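Subject: A structure for you to explore

Hi there,

Here is the structure I promised to pass on to you. Have a look around it first, and then read my notes below with the model open beside them.

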Amino acid sequence: MSANGKPKFAMYWAAGCGGCEIAVLNVHEKILDVDANFDVVFWPVAMDAKYKDVEAMPDGSITLCLFDGAIRNSENEEMAHLLRRKSQILVAFGSCATEGCIPALANLSTPEEIFEAVYHGPTTDNTHGVVPYPTVRVLEGELHIPEFYPVVKTLDQVVPVDYYMPGCPPESHQIAAVLDLVIQALHGQAALPPRGSAIGAGNSTVCDECPRTRHEKKIRQFVRIQHVQPDPTLCLLEQGILCSGPATRSGCTALCPKAGMPCIGCYGPAEGVLDYGARLMTAVASVIDSQDPEEIEHILDGIPDPAGTFYRFNLAGSLLRASKPAIMSPPPAATLRERALALTPEGGEEGK
Amino acid sequence: MDTATVETQPPRVRGEGERPPLPPLPPPPVVDLGFLKEVVEATAGVSRLEMCIQCGTCGGSCPSAADMDHTPRQLFAMVRAGLRDEVLRSNTPWFCVSCYHCVVRCPQGVHITDIMYTLKSMAIRAGYYKDATAPDFAKTFVYYVENYGRSFELGLATRFYLRHHPLRVPGIAPLGLDMLVKGRIDLTPRRIKHMDQLKAILARAAELEAAQ
Amino acid sequence: MTDRFEPLIIGFTCNWCSYRAADLAGTSRLKYPPNIRLIRLMCSGRLDPTFVLKALSSGADGVLITGCHPGECHYIEQNYKALRRYLLLRRTLAQMGIEPERVKLVWASAAEGARLAEEIIKMVEEIRALGPLNWPAADGGRGTGDGKYPASVIHPPSEEEVTA
Amino acid sequence: MTERNEQERIGVYVCHCGTNIAGTVDVEDVAQWAAGRLKHRGVVVARDYKFMCSSLGQEMIEKDIQELGLTRVVVAACSPHLHEQTFRTACQRAGLNPYLCELVSIREQCSWVHTDRLAATAKAKAIVSGGVERVLYHEPLEPLRVPIHPATLVVGGGIAGIQAALEIADSGFPVYLVEREPSIGGHMAQFDKTFPTLDCAACILTPKMVSVGSHPNITLLTWSEVTKVDGYVGNFTVTVRKKARYVNTELCTGCGVCQEKCPKKIVDEVFEAGLGYRKAIYTPFPQAVPKWPVIDRENCTYFQKGTCKACEKFCPTGAIDFNQEDEFITLEVGNIILATGYDLFDPRRIPQFGYGRLANVFTSLEFERMSNSAGPTGGRIVLRDGVTEPKSVGIIHCVGSRDRNYNNYCSNICCMQSLKFAHLVKERTGATVYNFYIDIRAGFKDYDEFYQRVLEEGILLIRGRVAEVTDAVRLAGEEGKLIIQVEDTLIGQQRRIPVDMVILSCGLEPRRDAKEVAKLFGISCSANGWFIERHPKLDPVATMTEGIFIAGACQGPKDIPASVAQGAAAAARVLGRIQQREIAMEPIRASINADKCSGCRICNNLCPFNAITFHEDRMVSEINPALCQGCGTCVAACPAGAIRGTAFSNEQVLAQIEGLLLLNVDGGRAETVVPEAVAT
Amino acid sequence: MKYLLYPGCSMERFSRPYKDSLLAICQHIGLELEEVDDWNCCGATEYIAVSLLPAYSLIARNLALAQQQASSGPDYHRAGDGRNSRGGAYTLIAPCSACYLNLSKTDHYMGESPILNEKVNQALAAGGLHYTPGTVEIRHLLDIIVNEIGLEAVRKAVVRPLTGLRVAPYYGCMTPRPDYKKRWSNPEYPTELDRLLKALGAEVVDFPLKTHCCGGHMTQISPPVAYELIRRLVHAAAQYGADLLATICPMCQLNLDVYQGEMNRYFDTTYRMPILFFTQLMGVAYGLELKALGLGQELVDARPALAKIGVEMPAAEAAPARRPRKKEGLPMPRMPGEEEMSHD
């Protein structure tokens with residue numbers, strides 16, 4: 001408990017787009033309740049704070065910590081451990097922290113490929129081919145930056161997590177509800193759900209909240225939404241548009257399907273599902289309306305990027321977590337360190 | 001069996017001495033049971049030769065069966081029996097006109113025509129086939145293809161006829177003349193542009209074939 | 001034991017055809033390497049891609065999916081569903097950089113003990129040639145971790161309290 | 001999971017099976033290992049024994065259950081298909097729910113197929129570990145008991161269906177016999193003589209037809225088709241469409257005046273096999289059962305042009321009723337016997353045999369009608385011109401059979417049929433008869449004797465599959481003839497044999513609509529389209545669908561004796577069921593968790609047994625446990641993981657995977673992690 | 001949209017009429033053809049009998065060239081709608097039966113056997129070429145005309161119907177036979193040419209030997225055999241009262257036309273059965289200039305037969321009445337497309 005007697009609140013932004021942070025602010029006046037009920041001690045986006053301040057706090061002194069973003073590098077992991085140690089309730093906030101989300105799609109590529117794309121790609125102007133080294137020895141001494149991990153991890157792959165809040169980003173009305181619940185719990189007016197469960201989401205899947213009419217499914221062709229004028233009231237999947245609704249946890253109120261766009265699965269797997277992609281794959285494949293291998297293959301050609309489609313938000317959280325070459329490859333740091341030494345005066349290059 | 005030792009000697013008759021050894025048995029006929037496998041493997045695609053049920057559809061369908069030493073069906077039975085020499089000496093493959101009637105009718109889907117091609121090339125390699133006419137025609141044909149990239153009817157006909165049916169040349173000559181008049185024969189062979197390329201390809205192919 | 005790589009393969013069989021084929025292989029004393037371990041399902045239609053991914057991520061070097069021949073499914077047509085899932089899964093796995101030889105679909109009727117044995121022998125050799133998969137075990141994962149939670153002022157119940 | 005183990009007490013029992021298992025697997029080691037290594041998984045006792053399935057072995061298990069308070073049992077022995085029931089019953093005797101017992105096979109799938117003792121032992125351990133992990137997720141189950149409705153539906157009024165119907169009806173139970181055509185009798189009614197005894201088909205069939213027609217326990221529904229089948233074993237609800245006859249069966253006496261007077265004559269493609277004519281109002285043949293005619297709407301002048309009504313004018317009892325309409329009736333039955341028969345192979349598909357182009361090429365069925373004294377020619381064997389008697393006839397076997405291009409199977413009846421034809425032609429015309437065959441298959445009682453007899457009659461048999469039948473003459477003497485070109489394989493020469501008439505012994509094919517019928521009744525078809533029996537040897541008339549049986553040629557090409565035998569067999573199976581009054585079904589079923597179900601309807605059309613229904617009101621899908629056959633396809637398909645499959649749940653399978661991967665082939669630790677509780 | 005054309009050696013000279021007429025009619029019906037550049041002989045039935053691999057490589061070179069040429073430009077005709085995972089094979093027209101068969105066979109076997117595929121491509125590599133099985137779809141000209149252009153279009157273009165001309169449609173063996181892709185015609189009893197000729201207004205006889213062999217290379221190796229086969233064909237055509245016989249293959253035309261005299265001499269017979277290419281008849285029906293169709297180059301004069309065009313011709317006595325329909329007669333089984341086929 002802090003001086004003003006209010007429980008402490010923290011929020012941290014790891015490997016992610018920051019949408020989650022915005023979503024929190026999107027709760028509008030609710031944010032005032034946060035301020036009223038919590039003492040915000042650490043929230044880099046909202047206020048200035050240093051890691052060492054957090055280190056200084058006693059363990060378990062933070063009551064509620066919302067952790068958004070995935071674990072992409074050593075800094076993310078260090079902060080995860082730090083905040084775990086300091087927090088009573090650590091919430092994996094948003095798809096990145098929960099299951100990897102878009103950043104984890106990088107798990108389909110090796111670090112080498114990623115660096116190639118980022119630092120030498122056609123869109124990169126990097127005439128000297130400079131790449132970041134975890135350790136660079138310069139004349140003044142050694143410089144360190146966080147180490148890049150071969151694969152993106154979910155928060156709970158590095159520390160124990162109390163609650164999961166899915167969504168990319170979590171819907172603001174859900175955030176508001178969760179904040180309410182926690183506040184009530186603080187005043188002993190409500191009990192928190194069991195540890196390890198998902199909060200701010202439903203127990204069924206998106207179809208449950210989707211108003212579109214449905215029939216028995218028979219798919220003879222997959223089409224991309226941009227190539228067709230979908231029927232506004234009929235189930236998109238029945239129209240051959242690959243909608244992830246059937247496999248995706250409810251809670252978003254089926255925003256996308258309502259707006260005529262297929263669900264892309266940001267709320268992740270339904271309760272108790274071990275592998276999101278597998279569920280979606282098996283469901284979609286089962287209703288393909290053909291018994292002829294040739295024809296089935298032909299129909300499947302309509303799904304140009306299966307892995308990316310079925311694991312768009314879930315790759316890090318899936319059973320395989322990454323492609324074989326990626327998960328088998330060593331951290332690039334190992335190789336990079338040597339180059340780093342080559343850059344020192346002894347190496348000569350620096351001298352010129 | 002570890003019981004009583006089995007008697008390996010012919011029984012002794014009491015009072016007699018060693019029996020004289022039995023006279024030697026005549027040698028077995030020469031068969032090559034690997035022949036079937038060999039033919040199957042040398043044939044492009046899936047020959048299904050081993051599936052033949054000897055129904056005779058091929059022999060019944062064959063337009064030139066009358067002139068064959070053996071019907072295709074018999075030939076396949078002989079292949080199975082491993083009678084390599086008889087098979088490769090048979091004129092049957094050489095009378096195959098490649099009409100594929102047997103192939104589409106065969107209830108077992110045996111690729112008869114392709115098997116005939118295989119047997120022909122085997123026979124040529126073994127230098128077995130008695131009447132050289134057909135093989136020579138094939139070779140002459142191949143000669144033109146290998147040197148010009150195209151076949152050349154006139155050359156083919158003359159070269160070949162003079163060799164094999166010199167007596168029929170006068171008979172055929174007017175025919176050739178007719179064709180000439182009608183403008184249906186070249187006097188000189190045509191050559192494709194990149195003969196060198198074709199030659200290279202064929203040479204490599206020949207090496208690869210020799211390798212196996 | 002020799003130090004050559006011994007692959008570990010999980011095989012899924014359907015109760016009516018391929019499992020009986022495996023039984024037949026046994027009763028006819030056919031021989032195949034001990035690298036495969038079979039799981040009986042009622043039908044190849046029961047095959048959930050999750051099972052395959054689970055096996056691969058839990059240490060299996062390959063997965064063999066088997067069922068009745070098309071048109072001879074004892075549940076009429078469920079093996080076609082297995083086929084469809086397999087074809088899609090195969091594409092996804094390909095993108096994940098997993099060699100196609102590692103996950104195979106084979107139809108085997110109850111009479112095809114020999115065929116099943118051959119397929120197993122073939123697969124073991126192919127995977128031996130590929131080498132181990134050795135999928136790294138996930139460190140942590142949902143509901144895992146050292147369980148050392150800081151003391152809380154509002155006592156969220158532990159799993160035990162809940163499930164009990 | 002963890003707390004599970006504290007409660008659960010597992011017993012592991014490893015069988016030696018004499019030396020069958022112990023010969024290759026170190027069973028003692030396996031048992032000890034299980035007791036030690038798997039202790040933390042809840043294994044409290046692990047024993048090995050010479051013969052677990054022996055009464056002593058079973059008693060050992062029962063004793064442990066009672067004394068050690070085992071909650072789950074794993075038996076490592078032979079295939080579950082052999083002894084699963086045995087050990088389940090043992091558990092039940094000891095008061096443990098039988099479904100808490102798991103039998104894993106370390107014989108068929110281990111000791112018998114491996115030679116390396118160390119590796120086999122390691123695998124056996126892994127298999128046991130898999131069983132232990134799996135059994136932890138077993139649930140106590142109760143078999144489903146359903147009552148059996150005493151009535152039976154027989155589909156198809158051919159000889160097989162007739163036989164089945166009579167057997168059941170004679171034992172005092174009600175039967176509905178549904179036939180698509182206006183009369184029962186099937187193909188047999190079209191024949192003249194039957195091999196090998198040559199007694200006339202009508203003489204032996206008609207009495208049976210009559211007793212079907214008059215039997216108090218048989219409700220005969222001809223000119224009718226089954227359109228819908230609901231329910232499950234013991235309780236089927238069947239919808240039958242009674243096509244309008246346009247004849248009032250109450251009034252009709254079957255006098256036949258209408259047929260005489262009807263001005264419209266059409267080729268009878270069905271009963272006369274296209275060789276004869278019938279009227280627009282007709283009974284297929286004089287001895288038809290029932291005797292009432294039907295009006296064939298498509299060809300009736302009145303229905304097409306609006307005038308005529310000759311039949312109505314002349315009918316003495318005023319039985320003609322042009323206003324009749326199709327009628328749909330529903331039947332409640334406990335069991336169903338399918339005896340839908342076969343179709344004849346259409347030889348037009350083999351152009352080189354000339355059928356349809358060359359006038360004097362006939363099909364076997366055409367010849368049956370021709371040779372039938374009640375047929376279009378009154379039994380005279382003549383050419384297509386209707387007058388000329390053939391001087392030479394060629395009979396071609398295996399038409400469309402034993403041929404990858406058409407049907408790869410042997411049609412079973414053709415050899416005998418063709419020999420019968422040869423005999424009839426010889427007997428009635430004295431013509432020269434050639435039979436062209438690949439092999440003569442005369443494998444049943446008195447069949448080969450008949451072959452001998454035909455040989456004696458001087459029939460010329462030529463061993464060779466005919467290449468072509470042509471009218472393109474090549475040699476003198478062939479003009480105006482049909483030339484059969486064939487290799488006489490016994491002399492190895494191609495022969496051209498000129499004949500006047502060619503008979504094609506066409507093969508048997510599944511009914512054109514066999515696959516739809518199979519789907520309608522929820523049974524399976526082979527790739528060819530024959531209905532699949534539960535077991536080719538041991539259960540030839542049952543199907544995979546409880547309560548549905550098959551008899552006769554719909555299961556595969558068959559001659560009359562075999563069809564009759566199957567009809568009787570199917571009847572016997574049904575009667576057994578009816579006597580039991582109720583039946584217990586394996587509780588391997590799927591169920592949907594309504595809270596989790598989002599009503600996406602992915603599963604809806606995955607079930608071939610129509611067990612899944614969607615409730616528009618609640619927007620959830622539901623499974624009817626009695627219809628569910630437990631294949632688990634929907635379980636595997638549900639995107640929300642809302643469907644559970646008992647006995648093969650995700651938890652069970654995933655846990656078994658973990659367990660199986662516990663040990664490496666060399667006995668060392670494999671890469672796997674300690675099993676954790678997971679659901680998908 | 002262009003179609004690739006593989007003419008084959010025969011077309012260059014002794015079957016020039018075929019090439020001339022097909023180019024003429026294709027232009028007329030708007031079928032744009034482009035020759036495969038520097039194609040070589042397909043080896044006929046000879047090469048493969050000498051050595052297998054070189055034979056397949058010889059043929060594969062053409063396929064490789066076709067592949068190269070087609071992939072160079074956008075507007076070549078492709079099979080399927082392109083969404084096909086095998087990317088819509090390029091269509092290659094082979095009007096000669098032997099070439100058609102050899103090309104499609106090679107493509108098929110290369111696809112079927114990886115070993116052959118690898119070896120052949122090794123050989124091709126020596127010439128800096130490569131062929132991927134399935135990228136070129138070989139089709140016969142007749143197939144294209146009947147199934148791509150369509151008989152309706154063919155009928156529309158007719159200006160001088162061949163009414164009254166009795167034609168025996170002759171397919172020969174290799175075109176309808178083992179079709180290494182999906183069948184487009186019946187191997188025993190095709191009807192494509194029949195229907196095409198009907199569309200031209202001709203009276204088509206139900207030619208029983210329509211797919212029987214013309215003797216192939218036997219005219220060279222052992223003429224007696226070939227002569228016998230030729231005799232069977234011309235006799236059957238005469239038996240059915242045909243005025244002429246229409247063929248779709250250079251080799252058939254060569255044997256039946258050029259060697260008909262030889263055959264007559266051999267058997268001491270007097271058959272005079274004109275043999276024309278179906279493309280020539282199309283040209284005639286389209287009213288194209290006869291010379292441009294290579295007419296007159298046949299050795300058995302076709303003019304008398306062609307002179308009949310437009311003249312109503314009584315059914316030839318020679319044609320045996322095969323389908324009695326007398327009242328007392330027994331009904332005949334109906335054939336699919338009965339009305340089309342029957343002619344009594």
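Let's begin where two of the chains meet. Across the interface of chain E and chain B, the rule finds 4 salt bridges. Glu188(E) makes a salt bridge with Arg105(B), and their closest N and O atoms are 2.3 Å apart.

How many residues of chain E are in contact with chain B? The count is 70 residues of chain E, which touch 66 residues of chain B. The size of an interface is often given as the accessible area lost when the parts come together. For chain E and chain B that area is about 6000 Å², with 62% of it on carbon and sulfur atoms.

Before going further, please keep in mind that this is a predicted model. Its scores are ipTM 0.68 and pTM 0.73. Chain E has a mean pLDDT of 86, and 89% of its residues reach 70 or more. Within chain E, residues 81–86 have a pLDDT below 50, and this stretch has 9 contacts in the model beyond near neighbours in sequence. Residues 340–344 of chain E also stay under 50 in pLDDT, and there the model has 12 contacts beyond four places in sequence.

Salt bridges elsewhere

Over all chains, the structure holds 95 salt bridges. Here are a few to find on your screen.

In chain A, the side chains of Glu295(A) and Arg220(A) meet in a salt bridge, at 2.1 Å from N to O. This pair links distant parts of the chain, 75 residues apart: Glu295(A) is in helix H10 (residues 293–300), while Arg220(A) is in the loop between helix H7 (172–186) and helix H8 (255–258). Are these two side chains buried, exposed or something in between? Glu295(A) has a relative accessible area of 27%, so it counts as partly exposed. Arg220(A) is partly exposed too, because its relative accessibility is 45%.

Another salt bridge crosses between chains. Glu487(D) and Arg73(B) meet through their side chains at 2.8 Å, N to O. Glu487(D) belongs to strand S25 (residues 482–488) of chain D, and Arg73(B) to helix H3 (residues 72–81) of chain B. Both Glu487(D) and Arg73(B) are buried.

Chain E has one to look at as well: Asp143(E) and Arg139(E), whose closest N and O atoms are 2.8 Å apart. Asp143(E) counts as buried because its relative accessibility is 3%. Arg139(E), at 8%, is also buried.

Salt bridges can also join into a network, as they do for Glu297(A), Asp301(A), Arg90(C) and Arg91(C).

Aromatic rings

Now for the rings. The structure holds 31 aromatic pairs over all chains. One of them is formed by Phe9(A) and Phe38(A), a tilted pair with 5.7 Å centre to centre and 55° between the planes. The two residues are 29 apart in the chain: Phe9(A) sits in strand S1 (residues 8–13), and Phe38(A) in the loop between helix H2 (30–37) and strand S2 (39–42). Phe9(A) has a relative accessibility of 1%, so it counts as buried. Phe38(A) is likewise buried at 1%.

Arg40(C) lies over the face of Tyr19(C), at 5.6 Å from the ring centre. In chain E, the charged end of Arg78(E) sits over the ring of Tyr90(E), 4.4 Å from its centre.

Enjoy exploring, and do write back with any questions!

Best wishes

Conventions. Residues numbered from 1 in each chain as written. Chains lettered and ligands numbered in written order. Predicted model: local features only at pLDDT ≥ 70, side-chain atom pairs only at ≥ 80, totals over all residues. Heavy atoms only, no water. Phe/Tyr/Trp six-rings, centres within 6.5 Å; stacked < 30°, edge-to-face > 60°. Helix = DSSP H or I, 4+ residues; strand = E, 2+ residues; numbered from the N terminus. Buried < 20%, exposed > 50% of the residue type's maximum accessible area, 1.4 Å probe, protein only. Lys NZ or Arg CZ within 6 Å of the ring centre and 35° of its normal. pLDDT = per-residue confidence, 0-100. Contact = heavy atoms within 4.5 Å. Buried area = accessible area lost by both parts, 1.4 Å probe.
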